[in-house]
Amino acid sequence: MRIELPAKENVYRQNKGWLVSLHLDGWLLLGILTLTAIGSMVVYSASGGDLEILSKHLLRVTFAFGLMVFVAQIPPNILMVYTPWVFMLGALMLVAVLLFGDFGKGAKRWLDLGVFRFQPSEILKLALPMMLAWLFSHETLPPSTRKMLAGLTLVAFTSGLIIVQPDLGTSILIAMSGLFVLFFAGLSWRFIFTATALVAASLPIIWHFYMYEYQKQRVLTFFNPESDPLGTGYHIIQSKIAIGSGGLEGKGFMGSTQAHLDFLPESTTDFIFSVLAEEFGLFGVAILLLLYLFVIARGLYIASRAQDNFARLTAASLIMTLFVYVFVNIGMVSGLLPVVGLPLPLMSYGGTSLVTLMISFGILMSIHTHKRLLTS
């Protein structure tokens, strides 16, 4: 048994040149670069023209791009081999956070290794969906009920460790990444509707016994932000003012009065969409959404062309997780969803989430470019 590239794949590599030699998908790379360029421009504007912030952002973007290229060189079968070990490492780190993690912004979410601090939950954003894809990789889909229950247990275990930090927003998003794998693996609609009904019925219990006061306040503010315009409702009110004042064409680059006059908090991170909407208006927002749609569509195309269950489920869940992040952030700053601490992918000021996102793109490119044909 040997592994070799088919003739048409060799021709493909010769025609595509350096992109394929680096295992990069040109169309996906184009979308990522375009969004990152727009994001860097808006970060510069939102910071009031602060070159130091822009240089730090570009440095982090460059580092994240380097990681993306590095991960793209790793064949999917190698990624699959190490997936269980990475998942176990991430789970152990979550336990370590609960035992001796560092507090930050009222929650114990950080692990201090002396040289740097990081959030282990970022590892699970990738490790959980890949672990579930690994679980279903060696059998015909849809998987057995036993495997489905095992997958649901992993989702509940991982999200539960993050909820108690407390970090409800991240736990829900990580749970969604795992549930996407279960959905694409063939989770029955009857189970989905039953689970949804059970969750809806348990909401009063969750509200009274499991939600912190600040989480309850966020939900109440979502329904009526004007009830506390100078307190919990301030963020969303100022965000909606910025979005609305942009109109159709916007105020132009560097024209965001909400950001420059410090009315809009977290303007370079969580609320950067509001800055873009104020400066470039509805037209700019439409272009941004089309770019995201292009990247997501390309990711789904890569998933559809994947050659095995592990690659297919991993690619589909990672790109749909990107969709959830975009949907939640834009819904949050527009007043359509409760406020959570979630940056806008490829647009917000760079950080740990940017690194995680670029690694996921590297995995997608690896899945698409490492074509193989098994011949005896």
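**Exercise 1. Find which residues touch the most other members of the largest nonpolar core, and list the contacts of Phe-361.**

Step 1. A nonpolar core is a set of buried Ala, Val, Leu, Ile, Met, Phe, Trp, Tyr and Cys residues joined through side-chain atoms within 4.5 Å.

Step 2. The largest such core has 87 residues, and Ile-32, Leu-344, Met-358 and Phe-361 touch the most other members. Helix H14 (residues 309–333) contributes the largest share of this core, 16 residues.

Step 3. Contact means heavy atoms within 4.5 Å. With neighbours within four places in sequence left aside, Phe-361 is in contact with Leu-28, Ile-32, Met-68, Val-295, Ile-319, Leu-322 and Leu-346.

**Exercise 2. State how many aromatic pairs the structure holds, and work out the geometry of Trp-27 with Phe-294 and of Phe-183 with Phe-184.**

Step 1. Rings of Phe, Tyr and Trp (its six-membered ring) pair if their centres lie within 6.5 Å; planes under 30 degrees apart count as stacked, over 60 as edge-to-face and the rest as tilted. The structure holds four aromatic pairs.

Step 2. For Trp-27 and Phe-294, the ring centres are 6.3 Å apart and the planes stand at 70°, so this pair is edge-to-face. Trp-27 belongs to helix H3 (residues 26–46) and Phe-294 to helix H13 (residues 272–304), so the pair ties together parts 267 residues apart in sequence. Phe-294 counts as partly exposed, at 33% relative accessibility.

Step 3. For Phe-183 and Phe-184, the centres are 5.5 Å apart and the planes are at 70°, so this pair is edge-to-face. Phe-183 is partly exposed at 34% relative accessibility, and Phe-184 is partly exposed at 35%.

**Exercise 3. Give the volume of the largest cavity, its lining, and the surroundings of Tyr-325.**

Step 1. On a 1 Å grid over the protein atoms alone, a cavity is a set of points where a 1.4 Å probe fits but cannot get out, and lining residues have an atom within 4 Å of a point. Grid points are joined across faces, edges and corners, and a volume is the space filled by probe spheres set on the points.

Step 2. There are two cavities of 30 Å³ or more. The largest cavity has a volume of about 300 Å³. It is lined by 24 residues, of which Tyr-325, Pro-345, Ser-353, Thr-356 and Leu-357 are the closest to its centre.

Step 3. Helix H4 (51–72), helix H6 (121–135), H14 and helix H15 (352–369) each supply at least two residues of this lining. H15 gives the most, with six residues.

Step 4. Tyr-325 is in helix H14 and is buried, with a relative accessible area of 10%. Not counting residues up to four places away in sequence, Tyr-325 touches Lys-125, Leu-173, Leu-342 and Pro-345. Tyr-325 and Leu-342 are 17 residues apart in sequence, with a C-alpha to C-alpha separation of 7.5 Å.

**Exercise 4. Identify which elements have the lowest and the highest mean pLDDT, and where pLDDT is below 50.**

Step 1. pLDDT is the predictor's confidence in each residue, from 0 to 100. The chain has a mean pLDDT of 81, with 83% of its residues at 70 or more.

Step 2. Among the elements, strand E5 (residues 373–375) has the lowest mean pLDDT (37), and H13 has the highest (92).

Step 3. Residues 1–9 have pLDDT below 50, and this stretch has 17 contacts in the model beyond near neighbours in sequence. Residues 11–15 stay under 50, with five contacts beyond four places in sequence. Where pLDDT is low, the predicted coordinates should not be read in detail.

Note on methods. Residues numbered from 1 in each chain as written. Predicted model: local features only at pLDDT ≥ 70, side-chain atom pairs only at ≥ 80, totals over all residues. Heavy atoms only, no water. Buried < 20%, exposed > 50% of the residue type's maximum accessible area, 1.4 Å probe, protein only. Helix = DSSP H or I, 4+ residues; strand = E, 2+ residues; numbered from the N terminus. 1 Å grid on protein atoms, 1.4 Å probe; cavity = no way out; pocket = protein on both sides within 12 Å on 5 of 7 lines; lining within 4 Å.
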